[in-house]
Amino acid sequence: MPTSLIPTGGTGPGETESSGAESSGTASAADSLRVHLLVSRAGAAARSGDLDGALRLLHDAGDPVVAGHQDVLDLLARVHAQRGELTQAATCWRSVLERDPGDPAASAGLARIDRLGRRGPGAALARHRRRTALAAALCAVAAVTAGTVALTDGPAARPDRPGPSQADLMEQRVQQLDAERREQQTREQARETARRGEAAKALARALRAPGIHPAVQGASVEVAFVDGLFSEGAELTPAGADRLAVLGGRLAGRKAGVEIYGQAASVPGAPRSGGSVLSLWRALIAARELSAASGKPLTAFTTASADQRDAPYASAAKNRTVTVVITPG
């Protein structure tokens with residue numbers, strides 16, 4: 001039972017934004033524009049006679065902020081009413097009233113559905129008169145592309161919604177807002193990268209000491225020791241123990257991630273890749289020394305065996321060491 005017409009235009013930008021504020025409170029400008037764009041496209045489809053296409057657009061909104069917006073629900077109600085689906089139309093208008101009990105268009109739409117549903121001779125005559133008026137209005141819509149036709153009676157009807165050209169403008173605005181958001185994220189990431197780089201430089205300066213060579217690597221500091229820390233196996237030299245004590249003391253009180261990679265001298269016939277048990281053991285001993293000197297728990301240090309191809313020095317004696325990578329928090 002056809003009982004409704006789709007507006008040839010739509011809610012203006014001002015009404016869309018105010019309705020969005022009432023229904024979601026936190027809707028962004030991009031959300032409001034997406035609502036406007038969806039309503040414009042669905043309204044255009046409905047005016048062209050593609051009611052199924054209009055329903056698909058409205059039901060596939062995806063974003064709950066958009067799908068639950070008053071203007072989307074209102075247009076959905078109108079499309080259902082145009083298809084004679086009065087129960088679904090009433091459900092949509094009730095959803096509008098749940099968000100805004102004073103919405104005049106939804107109230108008028110429900111009142112009309114209620115009148116159409118009444119029984120008796122008087123109601124039948126009223127329904128006949130309304131159908132006649134609606135048929136005349138349909139002809140007017142077909143003949144005139146600009147104008148206002150609405151389901152609701154009198155001044156409660158909503159104003160025109162923008163045509164497809166306005167939808168294109170809205171889509172461009174949405175894309176512009178998305179691009180601005182991406183640019184803002186890029187700027188924030190760049191600032192964070194710069195901040196981390198400066199923090200790494202400051203840490204490198206603080207860690208520099210005789211026999212300790214800190215080098216900035218991006219947002220981290222890689223610490224190498226000028227001389228080997230171990231004499232043979234996993235036995236620290238006195239100088240090696242002193243170096244680790246100095247480094248640990250300078251880490252005290254600093255919030256930082258610390259990774260320790262054990263190194264080993266190349267042995268003839270040994271694999272060129274992969275770590276070794278000896279390298280890992282050296283990393284564990286260095287972690288113990290750094291923990292004692294810095295006051296940090298042993299669990300604050302990550303230990304691993306470095307790949308033998310990554311030995312920092314050509315000298316076997318110097319490669320009896322560890323490499324410490326420190327990342328400021």
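Start by selecting helix α2 (residues 29-47) and helix α3 (residues 51-59), which pack at an angle of about 165° with their axes 7 Å apart. The model is predicted, so local features need pLDDT of at least 70 and side-chain atom pairs count only at pLDDT 80 or more, while totals for chains, interfaces and linings use all residues. Residues are numbered from 1 along each chain as its sequence is written, and side-chain values use heavy atoms, with hydrogens and water left out.

Helices (H or I, at least four residues) and strands (E, at least two) are DSSP runs, numbered from the N terminus. Axes are lines fitted to C-alpha atoms, for helices over the stretch in contact, and angles run from 0 to 180 degrees between N-to-C directions.

**Whole chain**

Show the whole protein as a cartoon: its secondary structure comes to eleven helices and five strands. Of the 329 residues, 41% count as buried (buried means under 20% relative accessible area, exposed over 50%, partly exposed in between, with a 1.4 Å probe and protein chains only). Among contacts between residues at least 6 apart in sequence, 69% join residues at least 24 apart; contact means heavy atoms within 4.5 Å.

Return to the opening pair. α2 and α3 are roughly antiparallel to each other because of their angle (under 35 degrees counts as roughly parallel, over 145 as roughly antiparallel, 65 to 115 as roughly perpendicular and the rest as oblique). Their crossing is left-handed, a term for the near helix being turned anticlockwise from the far one by less than a right angle, with clockwise giving right-handed.

Show side chains next. On α2, pick Leu38, Arg41, Ala42, Ala45 and Ala46; they meet Leu51, Gly53, Ala54, Leu57 and Leu58 in α3. The residues of this contact divide into eight nonpolar, one polar and one charged (Ala, Val, Leu, Ile, Met, Phe, Trp, Tyr, Cys and Pro count as nonpolar, Asp, Glu, Lys and Arg as charged, and the others, Gly among them, as polar).

Stay on α3 and colour by accessibility: Leu51, Gly53, Ala54, Leu55 and Leu58 are buried. What covers the buried residues of α3 includes α2 and α5 (70-82).

The crossing of α2 and α5 is left-handed. The contact is made by Val35, Leu38, Val39, Ala42, Gly43 and Ala46 of α2 together with Asp71, Val72, Leu75 and Val79 of α5. By class, the contact of α2 with α5 has eight nonpolar, one polar and one charged residues.

**The sheet**

Hide the helices and select the strands. They form an open sheet of five strands in the order β1-β2-β5-β3-β4, with mixed pairing; two strands pair if DSSP finds at least two bridges between them. β1 (212-217) and β4 (301-305) stand at the edges, each with a single partner strand, so one side of each has no neighbour in the sheet. From one strand to the next, the twist averages 20°.

Zoom to β1 and strand β2 (residues 220-225), which run antiparallel and are joined by six bridges. Valine 216 stands opposite valine 221 in β2, and the bridge partner of alanine 215 is glutamate 222. The two strands form a hairpin with two residues between them, and glycine 218 in the turn has a positive phi of about 70°.

Next, look at the pairing of β2 with β5, which is antiparallel and spans three bridges. Here valine 221 stands opposite isoleucine 326 in β5. β2 is mostly covered, with five of its six residues buried.

Bring back helix α10 (residues 238-251). α10 packs on the sheet, touching β1, β2, β3 (256-262) and β5 (322-328), and its direction makes about 160° with that of β2.

To see the contact, select Leu244, Ala245, Leu247, Gly248, Gly249 and Leu251 in α10, which meet Ala286, Glu289, Leu290, Ala293 and Ser294 in α11. By class, this contact has seven nonpolar, three polar and one charged residues.
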